[in-house]
Amino acid sequence: MVCVNAGMGDKVAGHLAKYKNAMSVEICDLSNQVGKIDLQGKNSAVILAKLIKDPEAVFKDMVYFSFKGHFDASHACASQVKLKDNSPVLVSRSGYTGEFGFELFVLPDQVLSLWNSLLDAGRENQLIPCGLGARDSLRAGALLPLSHQDIGPWPFINHPWEFALPFNLDKIGFTKEFVGKDALVKAMQSSHGDFTYPFAGDNLRKITAGPTSQVIDQNGQVIGRVLTCTTDMAIGWHKGRILSIASPDLPENFTARGISCGFVLVNQPLQPGDQLILKEKKRTINVTIVDDIRPDRTARQKITQFFEFSRS
């Protein structure tokens with residue numbers, strides 16, 4: 001099962017179908033047959049536990065990126081997870097925020113009911129509804145690129161190549177054939193090209209990203225453009241270091257005031273600490289190339305950090 005941006009289902013399904021060749025594979029676009037709600041944040045397990053049957057059995061051994069259940073009642077796995085109204089649900093310990101949480105897949109006619117039930121169950125845990133703006137801020141702060149914005153015909157960060165592809169021993173080629181191999185080999189062998197880097201601003205001021213934006217180095221030269229520029233409101237600078245509201249060593253006087261952040265595409269290699277100016281029309285901001293943005297992210301932490309299992 002491949003979960004993609006809402007408007008990309010037919011395009012991704014078509015791409016997979018194009019390259020299945022003679023393999024015995026059936027590709028189904030489920031875009032109109034399944035709905036999804038993301039429940040993210042430190043209280044997500046406590047809230048979800050109020051809505052599902054036997055939450056301890058569901059959460060047991062549920063590591064990051066694992067899933068249980070199914071949204072189709074006829075599926076063999078549907079009995080693994082049921083809502084208290086007996087509706088089946090696929091629960092996945094994933095999400096595009098960098099924080100602890102779940103993605104919940106149900107049939108389309110059950111989405112509204114689940115949405116309302118979540119808001120009711122989460123009221124005492126400060127659950128609030130958020131849209132794509134919040135998702136954009138969270139995923140950028142977690143160094144997660146967005147398809148067709150940060151990901152394109154150039155090398156991009158946080159890709160699966162290193163652990164998913166069959167590199168040879170010297171890491172300049174591959175031991176197997178696969179779609180896209182030639183393009184990757186060409187990029188690795190090129191002595192020049194494009195580079196993608198994350199950045200953090202001085203404060204929450206941001207600019208509009210896109211083809212008319214400019215990345216300017218300390219010599220005043222335009223070296224690229226801005227792919228993403230948003231504001232992560234859960235972080236702030238403190239004595240030259242970025243802290244988040246989830247950092248365990250927060251000083252007593254720290255308040256997260258928000259920092260602009262995102263990705264730039266430039267024509268030369270840069271290093272963490274390099275200072276740049278981002279410009280779009282008359283608006284400019286000062287930013288720093290970083291190797292990480294929002295620290296102390298919770299997505300990979302053990303579920304026992306957020307949900308207390310009974311000891312009986």
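User: How many positive and negative side chains does the protein chain have, and how far apart do the centres of the two sets lie?
Analyst: This is a predicted model, to start with. The protein chain carries 34 positive and 32 negative side chains. The centres of the two sets lie 2 Å apart.

User: How many helices and strands are there?
Analyst: The protein chain has 7 helices and 12 strands.

User: What is the radius of gyration, and what does the globule rule give?
Analyst: The radius of gyration is 22 Å. The globule rule gives 20 Å for 312 residues. The two values are close, so the protein chain is as compact as a globular protein of that length.

User: What box do the C-alpha atoms fill?
Analyst: Roughly 65 × 60 × 40 Å, taken along the principal axes.

User: How much of the chain is buried?
Analyst: Of the 312 residues, 40% count as buried. The protein chain exposes about 18,300 Å². Carbon and sulfur atoms supply 53% of that area.

User: And contacts? What share comes from residues 24 or more positions apart?
Analyst: They account for 64% of the contacts with a separation of 6 or more.

User: Switching to α7. Which of its residues are buried?
Analyst: Helix α7 spans residues 181-189, and its buried residues are Lys181, Leu184 and Val185.

User: Now Thr196. Which strand is it in?
Analyst: Thr196 is in strand β5, residues 195-201.

User: Is Thr196 buried or exposed?
Analyst: Buried, because its relative accessibility is 7% and the cut-off for buried is under 20%.

User: What does Thr196 touch, not counting residues up to four places away in sequence?
Analyst: Thr196 touches Trp154, Pro155, Phe156 and Ile157, along with Leu227. Phe263, Val264 and Leu265 complete the list for Thr196.

User: Next, Gln40. Where does it lie?
Analyst: Gln40 lies in strand β1, residues 35-40. Gln40 is partly exposed, with a relative accessible area of 23%.

User: Why does 23% make Gln40 partly exposed?
Analyst: Because partly exposed covers the range between buried, under 20%, and exposed, over 50%. The 23% of Gln40 therefore puts this residue in the partly exposed class.

User: Which residues are in contact with Gln40, leaving aside neighbours within four places in sequence?
Analyst: Ser94, Gly95, Tyr96 and Thr97 are among them. Glu99, Phe100, Gly101 and Phe102 are in contact with Gln40 too.

User: How far apart are Gln40 and Lys176 in sequence and in space?
Analyst: Gln40 and Lys176 are 136 residues apart in sequence. In space they are 38 Å apart, C-alpha to C-alpha.

User: Backbone next. What is the phi of Asp61?
Analyst: Asp61 has a positive phi of about 60°, although it is not a glycine.

User: Where is Asp61 found?
Analyst: In the loop between α3 (55-59) and β2 (67-69). Asp61 counts as exposed, at 65% relative accessibility.

User: What about the phi of Lys281?
Analyst: Lys281 also has a positive phi of about 60°, and Lys281 is not a glycine. Lys281 is found in the loop between β11 (275-280) and β12 (283-289).

User: Is Lys281 buried or exposed?
Analyst: Exposed, at 68% relative accessibility.

Note on methods:
Residues are numbered from 1 along each chain as its sequence is written. This is a predicted model: local features need pLDDT of at least 70, side-chain atom pairs count only at pLDDT 80 or more; totals for chains, interfaces and linings use all residues. Side-chain values use heavy atoms; hydrogens and water are left out. Helices (H or I, at least four residues) and strands (E, at least two) are DSSP runs, numbered from the N terminus. The radius of gyration is taken over C-alpha atoms; the globule rule is 2.2 Å times the number of residues to the power 0.38. Buried means under 20% relative accessible area, exposed over 50%, partly exposed in between (1.4 Å probe, protein chains only). Contact means heavy atoms within 4.5 Å. Accessible areas come from the Shrake-Rupley method with a 1.4 Å probe; for residues, only the protein chains shown count as cover. Lys and Arg count as positive and Asp and Glu as negative; His and the chain ends are not counted. The place of a charge is taken as NZ of Lys, CZ of Arg, CG of Asp or CD of Glu.
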